Amino acid sequence: MVKKSHKTIYSCQTCGYQAPKWMGKCPDCGAWDAFVEERSSVAFSRRSASTISGPPTAPVPIDCIELDMELRLLTRIQEFDRVLGGGLVPGTLVLIGGDPGIGKSTLMLQVLFGLADQGHKVLYVSGEESNRQIRLRSKRLNTVSPNILVVSEVEVAAIMSMIETTQPKVIVVDSIQTMFNADLTSAPGSVSQVREATVQLMLMAKKSEIPTLLVGHVTKDGAIAGPKLLEHMVDTVLYFEGDRNHIFRILRAVKNRFGSTNEIGVFEMKDSGLDEVANPSAVFLSERPAGAPPKEPRWRLLRRRKRVRVPERSPQRWQPMGRSSGATRGARASAIKRHAGVCAERTGRPCARDDLRIHAFAPDARGR
Ligand SMILES: Nc1ncnc2c1ncn2[C@@H]1O[C@H](COP(=O)(O)OP(=O)(O)OP(=O)(O)O)[C@@H](O)[C@H]1O
Ligand SMILES: [Mg+2]
Ligand SMILES: [Zn+2]
C-alpha cells in the first residue's frame with residue numbers, strides 16, 4: 001500500500017521545472033514570475049502508472065520482439081501520413097500544436113474520418129466542444145461516420161475507462177490543456193495537470209498500442225503551452241501553422257521518433273475543410289509572366305509575417321534545439337527548420353540547417 005502524501009510544490013508554468021520554494025526566476029528556462037503553487041500528491045504518479053500499465057513487464061531479447069507492430073496505419077490524408085513518416089505507428093503519441101483557429105480540430109476530424117472510412121473504430125475526445133458542436137462541424141466537413149465515437153469529456157480517469165470499453169483503433173484528445181485529473185488540485189491547463197494527463201495517455205498508448213493524437217494550444221511565444229516537457233514525452237511533435245487570413249496551412253514535424261523532420265504537408269482551408277495541396281511549388285510560384293523577375297514566393301511572405309525573431313529571453317531559450325552554430329544562433333529553431341523544409345521542397349534536394357544563412361533581428365530593435 002502506498003501512503004498518499006500531499007505536499008506543496010511550485011512549478012514553472014513555462015518549462016515545468018519544480019521547486020519546493022517559490023522563485024522569482026526559473027533556474028531552468030530563465031522565465032520570470034512563472035512559478036505557481038501546486039499541491040501534488042507524490043504517490044499519485046507511481047500509483048497511476050502501475051494501474052494503467054498493468055503488471056510490471058520483464059525485459060526481452062531485442063530479436064524476440066515481434067515486428068508486425070511496425071505496420072503503420074494510413075489515414076488516407078496523404079500530406080498527414082507523409083509528415084508522420086508514412087502513417088501512424090502503433091502506440092505512438094503525437095502532439096499537434098497550432099495557434100487558435102488554425103484548423104487543428106478540423107484536421108483531426110478529417111484524419112479520423114479517413115480511418116473510420118476504412119472501417120476502423122476511432123474515438124474523438126473533446127474537452128472544448130459539445131457533442132452537438134462536433135456533429136455540426138462534422139456535417140460541414142462531410143466527415144460523419146458511424147465509426148467515429150465522439151465524447152465531450154475532460155476527466156482523464158473517465159477517458160481511460162472509455163478507451164478500455166470501446167477499444168478504438170486511434171484516439172484524438174482535443175485538447176491536452178483541457179484535461180483534468182481529480183487527484184491533483186491544480187487547475188486544468190496548469191503544468192501538473194497537463195503533465196499528468198500526458199503521462200497517463202502515454203502509458204495507455206504504449207501498453208495498448210493505440211496511436212494517440214493530442215491537440216496542444218500554442219502560447220504567445222509560439223511554444224506548445226504547458227511546455228517543453230510535453231515535447232520530450234511524446235514521440236512526434238507536429239506544428240500546424242499559416243496566416244489565419246491566408247488560405248494555406250503548413251504541417252511540419254519538429255520532432256519525429258519514427259520519421260524525418262524534413263517533410264512538410266501543405267493544405268488549403270476551405271468551407272468544406274482542409275484540402276491537400278499535392279504540388280505546393282505550383283501554387284506558391286504560379287502566375288509569373290514570362291521574363292518577369294521571380295515573384296516573391298508565398299511561402300516567404302508566410303515566413304516574413306511569422307518573423308524570424310530573437311525572443312528576449314536568456315540565451316538557452318533561443319538556441320536551436322540541436323547544437324548551436326554561429327550561423328543559427330539567435331534564430332528560432334522552428335523558423336530555421338521550416339525554412340530548410342521549404343528549400344528542400346523547392347529544390348528537390350535535402351537541405352540541412354547548416355546550408356542556410358539566417359539573419360535574425362530582435363523585433364523591438366528593428367521596430368517590427
Ligand atoms: N464555414 C466555416 N465555419 C467555421 N469555420 C470555418 C468555416 N470555413 C472555414 N473555416 C475555418 O476553420 C477554422 C476553425 O478551425 P478549427 O476549429 O479546426 O481550428 P482549431 O485550431 O481547432 O481552433 P481552436 O484552437 O479554437 O480549437 C476557422 O478559423 C476558419 O479558418
Ligand atoms: Mg479546436
Ligand atoms: Zn522554467
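This is a predicted model: local features need pLDDT of at least 70, side-chain atom pairs count only at pLDDT 80 or more; totals for chains, interfaces and linings use all residues.
The protein has 11 helices and 12 strands, and 37% of its 368 residues count as buried. Looking at contacts with a separation of 6 or more, 64% come from residues 24 or more positions apart.

**Around ligand 1**
- The shell includes a run from P100 through G101, I102, G103, K104, S105 and T106.
- G98, E128, R140, M269 and D271 also surround ligand 1.
- Helix α3, covering residues 104–116, gives the most to this shell, with 3 residues.
- Sorted by class, you get 5 polar, 4 charged and 3 nonpolar residues around the ligand.

**Nonpolar cores**
- The largest nonpolar core holds 59 residues, and the members touching the most others are L112, Y124, V173, L214 and L238.
- Helix α3 turns up here too: it gives the most to this core, with 8 residues.
- Another core, of 6 residues, lies apart from that one, with C12, C15, Y17 and F35 among them.
- As for V173, if you skip its neighbours within four places in sequence, it is in contact with V125, M179, L201, T212, L214 and V215.

**The loop at D183**
- D183 sits in the loop between β7 (170–174) and α6 (191–208).
- D183 and Q193 are 10 residues apart along the chain, and their C-alpha atoms are separated by 9.5 Å.

Definitions and conventions. Residues are numbered from 1 along each chain as its sequence is written. Chains are lettered from A and ligands numbered from 1 in the order in which they are written. A residue is near a molecule or strand if its C-beta atom, placed from the backbone, lies within 6 Å of it. Helices (H or I, at least four residues) and strands (E, at least two) are DSSP runs, numbered from the N terminus. Ala, Val, Leu, Ile, Met, Phe, Trp, Tyr, Cys and Pro count as nonpolar, Asp, Glu, Lys and Arg as charged, and the others, Gly among them, as polar. A residue is buried if 20 or more other C-beta atoms lie within 10 Å of its own, exposed if 12 or fewer, and partly exposed in between; C-beta atoms are placed from the backbone. Two residues are in contact if their C-beta atoms, placed from the backbone, lie within 7 Å. A nonpolar core is a set of buried Ala, Val, Leu, Ile, Met, Phe, Trp, Tyr and Cys residues joined through C-beta atoms within 7 Å.
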